[in-house]
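Please study the sequence and the structure before reading each solution.

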Amino acid sequence: DYVAEDFIALVSSPPWGQGASREEALEQIRSEAGKLYDPAVVEALTKSPTKEEEKRPEGEVLSTISHELRSPLSFLVGYSELLASQPDLSPETRERAQEIQAEALRMSRLVERLLELSRFEAGKIKLKLQEVRPTELISRAISKARVFSSNHEIEVAFGEQLPTIQADGEMVLEVLDNLLNNAISYSPQGGRILLSAQKREEGVQISISDQGIGIPREELPKLFQRFYRVPGPLTDKVRGTGLGLSICKHIIETHGGRIWAESTVGKGSTFSFFLPLRPPGG
């Protein structure tokens with residue numbers, strides 16, 4: 001069920017969206033309820049906000065909508081899983097049920113990402129700090145990335161012995177996973193992906209470089225905005241919602257670090273982030 005992604009595409013500015021108003025987009029989504037979209041999901045997304053909700057910050061409204069979507073999506077996941085497990089289904093029906101389950105799971109992950117982003121924006125995320133070895137996190141991320149692509153050569157380059165840092169290891173791993181997946185997705189012809197890590201004064205800098213399509217200079221400042229995706233024929237083919245980099249930014253900045261990108265069109269991109277030895281107050 002693509003209702004949330006289609007809504008985002010409708011209201012996004014051209015050329016990567018139709019530039020429709022919120023009301024126009026909601027009306028179009030409602031007209032397809034029961035046809036293209038599940039009615040329960042449409043109802044949750046298009047429910048008119050109360051006067052109290054209209055006064056709330058955008059992040060809180062986003063969180064509320066995401067919570068509303070959770071229940072119907074959980075129902076879809078459970079029902080489609082039950083349907084797909086029935087022994088007397090025809091091959092075509094079973095395949096369709098599995099497709100429904102896969103899309104419901106994908107939408108559930110999208111909702112969880114929206115909730116994660118809204119918690120970051122509301123300052124409600126608490127880091128689970130521990131002593132972390134950057135080399136171990138990098139090794140875990142590379143092992144997972146190699147499963148998804150045999151068309152890329154992933155190399156590692158470490159500077160002098162990297163220090164142990166105090167961080168939320170799973171969150172930093174989420175950043176590494178996201179950046180590596182992007183490097184693979186946006187270099188479809190394969191090539192080398194270089195992951196380098198260097199000791200910097202009071203911290204560690206990690207960079208991921210690819211040999212992909214690159215990003216126009218004027219788009220670089222927008223990359224970490226939520227829902228933003230660089231327009232172009234290849235990016236249109238890569239499924240995504242423009243949330244990953246925004247979440248990465250929040251994770252790194254919550255640690256007291258920073259994240260940035262450098263790129264040359266046609267030659268590739270490098271995404272880098274710096275993490276201090278310990279976050280503020282850590």
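**Exercise 1.** Determine which residues of H10 are buried.

*Solution.* Step 1: Buried means under 20% relative accessible area, exposed over 50%, and partly exposed in between (1.4 Å probe, protein chains only). Step 2: The buried residues of H10 are Gly244, Leu245, Ser246, Ile247, Cys248, His250, Ile251 and Ile252. Step 3: The helix is thus mostly covered, with 8 of its 11 residues buried. Step 4: The cover over these buried residues includes helix H6 (91-121), H8, strand S6 (258-264) and strand S7 (268-276). Helices (H or I, at least four residues) and strands (E, at least two) are DSSP runs, numbered from the N terminus.

The model is predicted: local features need pLDDT of at least 70 and side-chain atom pairs count only at pLDDT 80 or more, while totals for chains, interfaces and linings use all residues. Residues are numbered from 1 along each chain as its sequence is written, and side-chain values use heavy atoms, with hydrogens and water left out.

**Exercise 2.** State which residue forms a salt bridge with lysine 249, and describe the exposure of both partners.

*Solution.* Step 1: A salt bridge requires a side-chain nitrogen of Lys or Arg within 4 Å of a carboxyl oxygen of Asp or Glu. Step 2: Lysine 249 pairs in this way with glutamate 253, at 3.0 Å from N to O. Step 3: The two residues are 4 residues apart in helix H10 (residues 244-254), so about one helical turn separates them. In general, an α-helix has 3.6 residues a turn, so residues three or four places apart point the same way. Step 4: Lysine 249 is partly exposed at 28% relative accessibility, and glutamate 253 is partly exposed at 39%.

**Exercise 3.** Find the salt-bridge partner of glutamate 170 and locate both residues.

*Solution.* Step 1: The partner is arginine 140, with the closest N and O atoms 3.3 Å apart. Step 2: Glutamate 170 lies in helix H8 (residues 169-185) and arginine 140 in helix H7 (residues 134-148), 30 residues apart, and the pair links distant parts of the chain. Step 3: Arginine 140 is partly exposed, at 40% relative accessibility.

**Exercise 4.** Decide whether aspartate 177 is buried or exposed, and name its contacts.

*Solution.* Step 1: Aspartate 177 belongs to helix H8. Step 2: Its relative accessible area is 17%, so aspartate 177 is buried. Step 3: Beyond its neighbours within four places in sequence, aspartate 177 is in contact (heavy atoms within 4.5 Å) with Ala141 and Lys144.
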